[in-house]
Amino acid sequence: MPATPASSQQGDLFGGPQPGRLHRLFFALVPSPGECEALRHRAEDLKADYPQARWVRPERYHLTLHFLGESEGPREHLVASARDAMRDWQPEPLGITLDHLLCLGNPKNPALTLAALHPSPPVVAFWRGLQQRLLRVGFRQPLGRSFVPHLTLAYVPPRTAPVDVTPVVLHPQAVHLLQGIEGEPDYQCLGEWSLAD
C-alpha cells in the first residue's frame, strides 16, 4: 500500500499542528497488492448496481481494528503509546472471510462495505488481544465492544439496499498503524508489524 512518508508536505511528523486539519489515528489490516487488485475488480462488478456511489481508491482499502482518536495535528504521545502496545507481540496469521455487503456508519453518508457478520474465533481473539494491549498502555474505552471486520468499497446515498456477494477471503500480512489527515489523499503508515508465519 502506498503510504505517505512522515516527512511529506506537512514537514516533520511531530511538528506544529495544522489547525482545522483533523488527524485520525488507527490500527488496521491492509490487503496485499494482489488482494487489492481482486477487490478492485469486485468493486468494478458492483458499479452497475450503485451508479451514485463514490468509490474508494484501492490504495485506501483497509480493515480498521481499533480507532485511537482524532485531533487537530499529530499527537506524539498517542503514537508512542500505540507503538508500545505492539512491542513483543507476535500474533498468528489470519484469514478473514468477508461474506456480506453491508451499509455501515453515518446514515446520511453510509459506507458500502464488504463485511464478516460472524468473524471466526481466531479473528475475534486477535482483535481482543490488541484491545487488551491498548488498554494496558493507557488507551481508554470505548475501543469497541464487538468486532465486525469490514472494508469500505464506496460511499452511497442513504437507504441504499445491499446486494448479495460472493465471499472474499483475505490473508493480511501485517498490522499497520495508520494516520489519516483531512484533505490528504493517502494514509501515513506510522508503524508496521508482520504477522508471524
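In the predicted model, F27 has a relative accessibility of 0% and therefore counts as buried. The ring of F27 forms an aromatic pair with W193, with 6.0 Å from centre to centre and 55 degrees between the planes, a tilted arrangement. Because F27 belongs to strand 1 and W193 to strand 10 (residues 188-194), this pair ties together parts that are 166 residues apart in sequence.

In total, four aromatic pairs were found in a search of the whole structure. Another of these is made by W89 and F126, whose ring centres are 5.4 Å apart; with the planes at 20 degrees, below the limit of 30 degrees, the pair is therefore stacked. W89 is located in the loop between helix 2 and strand 4 (96-98), and F126 in helix 3 (residues 121-136), so that distant parts of the chain, 37 residues apart, are linked. Both W89 and F126 are buried. An aromatic ring is also involved in a contact with a charge: the charged end of R60 sits over the ring of Y187, at 4.1 Å from its centre.

Two cavities of 30 Å³ or more were counted, and the largest cavity holds about 60 Å³ of space. Strand 1 (22-29), strand 3 (63-72) and helix 2 (76-85) are the elements that each contribute two or more residues to the lining of this largest cavity. Classified by type, the lining comprises four nonpolar, four polar and three charged residues.

Technical notes: Residues are numbered from 1 along each chain as its sequence is written. This is a predicted model: local features need pLDDT of at least 70, side-chain atom pairs count only at pLDDT 80 or more; totals for chains, interfaces and linings use all residues. Side-chain values use heavy atoms; hydrogens and water are left out. On a 1 Å grid over the protein atoms alone, a cavity is a set of points where a 1.4 Å probe fits but cannot get out, and a pocket is an open set with protein on both sides within 12 Å along at least five of seven lines; lining residues have an atom within 4 Å of a point. Grid points are joined across faces, edges and corners, and a volume is the space filled by probe spheres set on the points. Helices (H or I, at least four residues) and strands (E, at least two) are DSSP runs, numbered from the N terminus. Ala, Val, Leu, Ile, Met, Phe, Trp, Tyr, Cys and Pro count as nonpolar, Asp, Glu, Lys and Arg as charged, and the others, Gly among them, as polar. Rings of Phe, Tyr and Trp (its six-membered ring) pair if their centres lie within 6.5 Å; planes under 30 degrees apart count as stacked, over 60 as edge-to-face and the rest as tilted. Buried means under 20% relative accessible area, exposed over 50%, partly exposed in between (1.4 Å probe, protein chains only). A charge sits over a ring if NZ of Lys or CZ of Arg is within 6 Å of the ring centre and within 35 degrees of the ring normal.
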